[in-house]
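Hi there,

Here is the structure I promised to pass on. My notes on its charged pairs and overall build follow below.

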Amino acid sequence: MRQERFKMEREGLVEEGQEVVISERSAVTGQYTYLVEPSVAMSGIYRTRERIMSRKGTIKEIEKTERGFYLVVEMEE
């Protein structure tokens with residue numbers, strides 16, 4: 001299992017335990033970003049060797065911080 005964090009701007013868009021779809025955005029530079037659909041949260045930047053291969057995951061935790069909300073998504077890899 002692999003866990004990754006995604007930044008979410010607004011509270012209440014998803015719930016813990018919910019299954020989500022993850023889409024990949026890539027640039028020519030070999031860097032990738034990911035979205036929890038429908039544009040609920042966004043990942044940081046990943047290099048080719050760090051890519052997320054799963055397109056579905058489950059929200060394990062929603063963290064509230066001073067900088068906003070973060071989803072911890074667990075996926076099969």
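Glu24 has a relative accessibility of 24% and counts as partly exposed (buried is under 20% relative accessible area, exposed over 50%, partly exposed in between, with a 1.4 Å probe and protein chains only). Its salt-bridge partner is Arg51, at 2.8 Å from N to O (a side-chain nitrogen of Lys or Arg within 4 Å of a carboxyl oxygen of Asp or Glu). Arg51 sits in the loop between β5 (46–47) and β6 and Glu24 in strand β2 (residues 19–26), so the pair ties together parts 27 residues apart in sequence (strands are DSSP runs of E, at least two residues, and helices runs of H or I, at least four, numbered from the N terminus).

Please keep in mind that this is a predicted model: local features need pLDDT of at least 70, side-chain atom pairs count only at pLDDT 80 or more, and totals for chains, interfaces and linings use all residues. Residues are numbered from 1 along each chain as its sequence is written, and side-chain values use heavy atoms, leaving out hydrogens and water.

The whole structure holds eight salt bridges. Another one joins Glu63 and Arg5, with 2.8 Å between N and O; Glu63 belongs to strand β6 (residues 56–65) and Arg5 to strand β1, 58 residues apart. Arg2 pairs with Glu77, their closest N and O atoms being 3.3 Å apart. Arg2 is buried at 18% relative accessibility, whereas Glu77 is partly exposed at 46%. Together with Glu4, these two residues form a salt-bridge network.

As for the overall build, the protein chain has zero helices and seven strands, and 39% of its 77 residues are buried.

Enjoy exploring!
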